[in-house]
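Trainee: Could we take a close look at one part of this protein together? I would like to start from the whole and then settle on a single residue.

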Amino acid sequence: MSRHRETPLRRVNPSGTIAWVARYTDASGQRRSAGTFPLKREAQDAIDAAYDLPLSIDTVGGYFARWPRLHPRSARTQATNESRISRVLDVKLEGRRLRDWPLVELRRRHAHALVDILLTDHGRAAIGAQHFLRALSAMFEDAITDEVADQNPWRGVTVRRSDPRVSKAPRSPHVVSFEKAHQFATAAAAWKGKRKATPAQRADRSRREGLVRVAADCGLRLGELLALERADLVRSECRVPGCGVTGAHLHVRRTTHEGRILAGTKHDHDRPVPGRAVPLPTST
């Protein structure tokens, strides 16, 4: 790389001595200091050395700070990726924190070293360690696009559930049959009070049963279920452009996340007409 015509800044200290500040601009356009020196020649050498570094000297921490702005994703996906990556930035690989590693210097051995730390030192489950690798892989794919990294060391690295280093067992899924879910819906609607139910209480019973039946029979994500409104129930042909469903169905158009309602479902937040049609089973 050619040298930049940038000279040190002269500074007079309160004691009267003269110092020279080596300031330069990094690859991201930020002004940085290469140190303060008593001689102008030494400061000039520090500036030249800083500019002679490769253009892709971006560190993991430096690129991570700009990544959300350069490649924005949905709020939920971005928050998940940032949370996962931020938890491993201070993990030391070969004596250096991950945040301080230049992107171009990381190799596949560093990915395996991180997996070993996550499984043995942090006690992560196999799927948990895999999630960290996926978030880092997503960031490095964007770094390659931005030409600040030349390879993705996290891509293709997998964590086997049978890995002997895994000490934390994954959560066991709890599966409820349709029959049991329908029994629970019926029980939710049952009135067990000693007095006769009021109209408001009868309406509340109906809503409870409907909530359980929709959750059990329609295959909605929890965020989609909680964001449903009465107008989302369509009993005939849907008027939403591109829907095309003629029978009774739910038109899912919103999701909830951390107390906020977002337009669209998980995979179509950026489409002109977000949402999807979910047919209602005849027994619902």
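Mentor: Happy to. The protein has eight helices and 10 strands, where helices (H or I, at least four residues) and strands (E, at least two) are DSSP runs numbered from the N terminus. This is a predicted model, in which local features need pLDDT of at least 70, side-chain atom pairs count only at pLDDT 80 or more, and totals for chains, interfaces and linings use all residues. Residues are numbered from 1 along each chain as its sequence is written, and side-chain values use heavy atoms, with hydrogens and water left out.

Of the 284 residues, 36% are buried, meaning under 20% relative accessible area with a 1.4 Å probe, protein chains only. Glu224, our residue, sits in helix H8, which spans residues 222-226. Glu224 belongs to the buried group, with a relative accessible area of 1%.

What does the side chain of Glu224 pair with? Its partner in a polar contact of 2.9 Å is the side chain of Arg221. Such a contact is a pair of N or O atoms within 3.5 Å; within protein, one must be able to donate a hydrogen and the other to accept it, and residues adjacent in sequence count only if both atoms are side-chain atoms.

Setting aside neighbours within four places in sequence, Glu224 is in contact (heavy atoms within 4.5 Å) with Val252, Arg254, Thr255, Thr265, Lys266 and Arg276.

Terms used: Buried means under 20% relative accessible area, exposed over 50%, partly exposed in between (1.4 Å probe, protein chains only).
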